[in-house]
Amino acid sequence: MKESHPSFALILPASFQKGKVAWRSPSNIAFIKYWGKYGVQYPKNASLSMSLSKSSTETSIEYSRAGAHAKRAFLFEGKAQEAFAQRIWKFIDSLSEIYPFLNQLNLSISSRNSFPHSAGIASSASAMSALALALVDMERKLFGRPASEDDFYRKASHIARLGSGSAARSVYGAYSIWGENLVLQKDSSNDFALPLQEEVADCFLDLHDSILIIDQGQKEVSSSLGHSLMNGHPYAGDRLKQAEQHLKSLLSAMKAGDQDLFVKIVESEALSLHALMMSSDPWFILMKADTLQVLQKIKRYRESTGHFICFTLDAGPNVHVLYGKQDKIAIEEFIDKDLKPYCYEGHIIFDHLGKGPQKID
Ligand code: DP6
């Protein structure tokens, strides 16, 4: 990673006047959960996620050489959004060591999500990864680096991580791994995520994720508070061992096409995350009564049909229903008939494994 952290001269290229960069980046859903952090979003355990296709954020940055006072503007979905703007500028300011040239630019940032803000799905991964990709692209345009594609995405993942840990995984398509791990890639790192390099069986190459919006309310527990609950948690040591073991088993399941093992690990991760929250001090119950009904229905449906279907959860009440192409028609009928009634205004986002971020011209 050293080569992607050059120390910049403070001087912008003499010929530079203005430019524009824009990226679309996906949200992701973790199968092995990142839960517990230290420092600036260093993970206590390695996590693995699937990048989505439809759920994404588009971010553009227009930049020009500033006079004595740099100007800044931020629009979210075409409107000024004070709370978002503050978070974005705080993040940009926090990058002053990595990107000292940002202070010499007028910046106009504009961002929009493909999903309604009220949908209750986490947007920080797509938002922070889109912004990070745009920033690294800007660096490339101004200074001609990072030169290689690998370094470009590693640096974008690193910058995204500084904004929100899970965003580090969104800079790649398909599956990503973030965090040092003994199991896998020799160059795995807590600093940035990497795409999963292992071969994955065909049945995991067309995974669907239908997101059931059980409740569209605001997040009850901020991510940072949630992660901090793992400091001094009575089960923290065992959780780290479990995450490592789960990552190892999940990877062998994905390689071998073992759907039963995949279901077992992915559901155990989701329920462990919520069990850790319930056994924290203070404790939190983030599932709603309808979340529990849906989980039971998925289990019963799987047992009675033998279809490949399982769930995962974020730190909230909404349910991600995972399934493959093989029984898609039957499963989507089941979702429509038996699960949709539990969704807020029948709201479901039918998403699937995505190809990763795209530069927008
Ligand atoms: C439960 O990435 O939102 O979704 O690093 O504080 O921004 P910060 O946390 P965040 O945490 C996500 C936690 C999770 C599991 C996961 O995505 O791995």
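The legends below describe close-up views of a predicted model. Local features need pLDDT of at least 70 and side-chain atom pairs count only at pLDDT 80 or more, whereas totals for chains, interfaces and linings use all residues. Residues are numbered from 1 along each chain as its sequence is written, and side-chain values use heavy atoms, with hydrogens and water left out.

**View 1. The residues around the ligand.** Around the ligand there are 16 residues, and those that come nearest are Tyr 34, Ser 164, Gly 165, Ser 166 and Ser 223; a residue counts as near if one of its heavy atoms lies within 4 Å of the molecule. Helix α4 (residues 223-228) gives the largest share of this shell, 3 residues, where a helix is a DSSP run (H or I) of at least four residues, numbered from the N terminus.

View 2. An oxygen atom of the ligand lies 2.6 Å from a polar side-chain atom of Ser 164, and a backbone N or O atom of Gly 165 is 2.7 Å from a ligand oxygen. For Arg 169, an N or O atom of the side chain is 2.8 Å from an oxygen atom of the ligand. The protein buries 92% of the 460 Å² that the ligand exposes when taken alone, with areas from the Shrake-Rupley method and a 1.4 Å probe.

**View 3. The loop that holds Trp 283.** Trp 283 lies in the loop between α6 (259-278) and α7 (289-305). The relative accessible area of Trp 283 is 56%, so this residue is exposed, a word used for values over 50%.

Key: A polar contact is a pair of N or O atoms within 3.5 Å; within protein, one must be able to donate a hydrogen and the other to accept it, and residues adjacent in sequence count only if both atoms are side-chain atoms. Helices (H or I, at least four residues) and strands (E, at least two) are DSSP runs, numbered from the N terminus. Buried means under 20% relative accessible area, exposed over 50%, partly exposed in between (1.4 Å probe, protein chains only).
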